[in-house]
Amino acid sequence: MSAVRLISRRVESLDEDLVKLAEICELVIKAFAASAEMSLPERVDKSVDVYVHLATGTECTNWDVPEDALGFHAISSSRRYDSEEDEYYVNTSERHEVFINLEAGRHLLNRSGPWLECDLEAWLVTIPHEVFHALEWIQETGGLTPDEVYAARVTDGDEWPEVVSKVLRAIDKRLENGQQSGPSSEFGATEDIIEQRARDWFLGQQDLVAELCATLYGNKENMSLRV
Ligand SMILES: [Zn+2]
């Protein structure tokens, strides 16, 4: 039996405000973990864990992602130079893992003074969005982690990042072929479809939104609280 488990992890350096945001992220992760969207494609015949790190701009920087990114699916770092060994290398993820940047979330929520429900949703959609990226990667690779893909394919003579690009292009093509609507936007088929899926899922979660508001504000009418 194959299955995907979502495992949430908080990084250690969260301040009190960010802990509050981590708590509401955990409600979203729990709801998403129980949803039909988590069913694995049949060709993946093993159980897979996907880690959702509740993190900060520091983890973005560690993965060479802009520190104001709302979240990302960790595949590899940029190419780096090791001066002692005099060689280039990349760090590849040894797990299926996504990062949610709580600091960027706080910035988005605070920008308009009192929090707006639309901003809260726009931010929290990042969680299913990034998990969908990980699920598409899992489907395309039969459940191999980025590090396993690299180890298996680099022997074919492919260089990083071509190894990664091939997987991402295959996902893009598969999703584009299955697309009902017209041509994709500038972000490409994968981004468009995944964002739409994430929004559709979130729109169907009215109970969850009520729970989030209750956690944050006591009730939905009391949304002037800021973190
Ligand atoms: Zn994306």
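This is a predicted model: local features need pLDDT of at least 70, side-chain atom pairs count only at pLDDT 80 or more; totals for chains, interfaces and linings use all residues.
Q: What share of the contacts with a separation of 6 or more comes from residues 24 or more positions apart?
A: Such residues account for 73% of those contacts in the protein.

Q: And how many helices and strands are there?
A: The protein has 9 helices and 6 strands. Of its 227 residues, 31% count as buried.

Q: Turning to strand S6, is it mostly covered or open?
A: Strand S6, residues 96-101, is mostly covered, with 6 of its 6 residues buried. His96, Val98 and Ile100 point one way, while Glu97, Phe99 and Asn101 point the other way.

Q: Why the two sets?
A: In a regular strand the side chains alternate between the two faces of the sheet.

Q: Which strands pair with S6?
A: Strand S2, residues 48-55, runs parallel to S6 and is joined to it by 6 bridges; leucine 54 has isoleucine 100 as its bridge partner there. Strand S3, residues 71-73, pairs with S6 in the antiparallel sense over 3 bridges, and phenylalanine 72 stands opposite phenylalanine 99.

Q: Now the helices: at what angle do H7 and H8 cross?
A: The axes of H7, residues 162-177, and H8, residues 188-203, cross at roughly 60° and come within 8 Å. The two helices are therefore oblique to each other, and the crossing is left-handed.

Q: Which residues meet there?
A: Ile171, Asp172, Leu175 and Glu176 in H7 meet Gly188, Ala189, Thr190 and Ile193 in H8. By class, this contact has 4 nonpolar, 2 polar and 2 charged residues.

Methods:
Residues are numbered from 1 along each chain as its sequence is written. Helices (H or I, at least four residues) and strands (E, at least two) are DSSP runs, numbered from the N terminus. A residue is buried if 20 or more other C-beta atoms lie within 10 Å of its own, exposed if 12 or fewer, and partly exposed in between; C-beta atoms are placed from the backbone. Two residues are in contact if their C-beta atoms, placed from the backbone, lie within 7 Å. Axes are lines fitted to C-alpha atoms, for helices over the stretch in contact, and angles run from 0 to 180 degrees between N-to-C directions. Angles under 35 degrees count as roughly parallel, over 145 as roughly antiparallel, 65 to 115 as roughly perpendicular and the rest as oblique. A crossing is left-handed if the near helix is turned anticlockwise from the far one by less than a right angle, and right-handed if clockwise. Ala, Val, Leu, Ile, Met, Phe, Trp, Tyr, Cys and Pro count as nonpolar, Asp, Glu, Lys and Arg as charged, and the others, Gly among them, as polar. Two strands pair if DSSP finds at least two bridges between them.
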